[in-house]
Amino acid sequence: MAVADNSFSMSTMFNALPYSKGISGFIPPPGFAPCASATPLHAALFNLMTDGEGVSYFKDMISKSDKTVLQRMASLLTSDSDYFMAIVANKYGSRRVQKLLGKSDDVDALFCAAILRRFLHITTDKYASYVTIRAMVVFDKEIKRAMYDHILYHALDLACDQHGCIALNDIITDADDPYYRDQLLDLVASNALCLSNDASGNFVVQHVLTLYDLRCTYNIAVNLYGHCIELSFKKYGSYIVEKLLEAEESMVGVVVELLDCDEDTLMRLARNEFGNFVVVKALRLTKAMSRIDLFWGLVQKLMPFIHLLRRSHGSNIASILDSFKLRC
């Protein structure tokens, strides 16, 4: 690959690199898989970006570089999708690329294009995903729009990935465009059931419920109505149901579902290692929110089985029922 301007030439880069380690700039460093158009400069830049011991050196180099040099550096970093991916998938490479974001609109445009070319691979990678997260904080509004379109298109894929769900949660939290934020929240709400049953997706549902967006919380509650008991038997599903109980807009639907189920199901739930926390929270919050009708309904349904609850995971429920009996 030809470098257009000699001011950012191979010799300039090699002279800038620390050679005390005896690494030749013409020998690709470990982890570097050269593309057909790769030059020794690519190898040198790869080493600069991914060397675990070059943190202070990189910071010093960037602080002394003007926008023109940074743009040429960004151009070289993004010249090949596989090359860029190899850098951002490296712990140190990811951190250093993040440092380059937000330096100028021209630099950001180059990085945006590179991210979008491998968007799903980057945003579901353990380290590379933080490049997308950082980009959505520092990119300007126009560049972000292109990113948002890809995020919306791949949102469910991200939600169901162990690293992608973390990235999606951060993106939703930091979303500063009301239109796209609402689009993302609506997408999560409309797919709440399948996400709640997914090992990674449930974390996204839990997260958006902590944002206390009333419309989103209500929509999630509507889409999960009739499935709350089933979810309450599962570890992460029970967390989602507990969060629904915390908002009055969604609490009523959950408690009604508890009251409508048969006694055997409610008893199994109350004695379940995860479900008992849901029942405890339902009792405490219906009382705290002065929904005495719902609280009394639960008490009446559980009281005949108090002796069984004392000898199981439902002991906390039994304590609440006992205190209610004493007051009566």
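Here are some numbered notes on the structure above, grouped by topic.

1. Ground rules. This is a predicted model, where local features need pLDDT of at least 70, side-chain atom pairs count only at pLDDT 80 or more, and totals for chains, interfaces and linings use all residues. Residues are numbered from 1 along each chain as its sequence is written, and side-chain values use heavy atoms, with hydrogens and water left out.

2. Salt bridges overall. There are 13 salt bridges in the structure. The term stands for a side-chain nitrogen of Lys or Arg within 4 Å of a carboxyl oxygen of Asp or Glu. A few of them are picked out in the next points.

3. Asp-186 and Arg-215. These two side chains form a salt bridge with an N to O distance of 2.9 Å. Asp-186 sits in helix H12 (residues 178-190) and Arg-215 in helix H15, so the bridge ties together parts that are 29 residues apart in sequence. Helices here are DSSP runs (H or I, at least four residues), numbered from the N terminus. Asp-186 is partly exposed at 26% relative accessibility, and Arg-215 is partly exposed at 40%. For those labels, buried means under 20% relative accessible area, exposed means over 50%, and partly exposed is in between (1.4 Å probe, protein chains only).

4. Glu-246 and Lys-281. Here the N to O distance of the salt bridge is 2.8 Å. Glu-246 belongs to the loop between H17 and H18, while Lys-281 is in helix H20, so this pair ties together parts that are 35 residues apart in sequence. Glu-246 has a relative accessible area of 36%, which makes it partly exposed.

5. Lys-234 and Glu-230. In this salt bridge the closest N and O atoms are 3.8 Å apart. Lys-234 is partly exposed, at 36% relative accessibility. Glu-230 also counts as partly exposed, at 40%.

6. A nonpolar patch. Phe-203, Tyr-236 and Tyr-239 make a nonpolar surface patch of about 250 Å². Patches are built from residues with over 30% relative accessible area and no salt bridge, joining like charges within 9 Å and nonpolar side chains (Val, Leu, Ile, Met, Phe, Trp, Tyr) within 5 Å. The areas come from the Shrake-Rupley method with a 1.4 Å probe, and for residues only the protein chains shown count as cover. Tyr-236 is in helix H17 (residues 235-245), and its relative accessibility of 32% puts it in the partly exposed class.

7. Packing of H18 on H21. Helix H18 (residues 248-260) packs with helix H21 (residues 292-302) at an angle of about 25 degrees, and their axes are 10 Å apart. Axes are lines fitted to C-alpha atoms, for helices over the stretch in contact, with angles running from 0 to 180 degrees between N-to-C directions. The two helices are therefore roughly parallel to each other; that label covers angles under 35 degrees, with over 145 roughly antiparallel, 65 to 115 roughly perpendicular and the rest oblique. H18 passes H21 in a left-handed crossing, the near helix being turned anticlockwise from the far one by less than a right angle (clockwise would be right-handed).

8. Positive phi values. Tyr-212 is not a glycine, yet it has a positive phi of about 55 degrees. Tyr-212 is in the loop between helix H14 (201-209) and helix H15 (214-224), and it is exposed, with a relative accessible area of 55%. Ser-290 also has a positive phi, near 60 degrees, in a residue other than glycine. Its place is the loop between helix H20 (275-288) and H21, where Ser-290 counts as exposed at 55% relative accessibility.

9. Contacts across the sequence. Leu-41, in helix H2 (residues 40-50), is buried, with a relative accessible area of 1%. His-163, in the loop between helix H10 (141-159) and helix H11 (164-174), is partly exposed at 21%. His-163 and Thr-123 are 40 residues apart in sequence, with a C-alpha to C-alpha distance of 7.6 Å.

10. Asp-198. This residue lies in the loop between helix H13 (192-196) and H14, and it is partly exposed at 23% relative accessibility. The C-alpha atoms of Asp-198 and Cys-160 are separated by 6.6 Å, the two residues being 38 apart along the chain.
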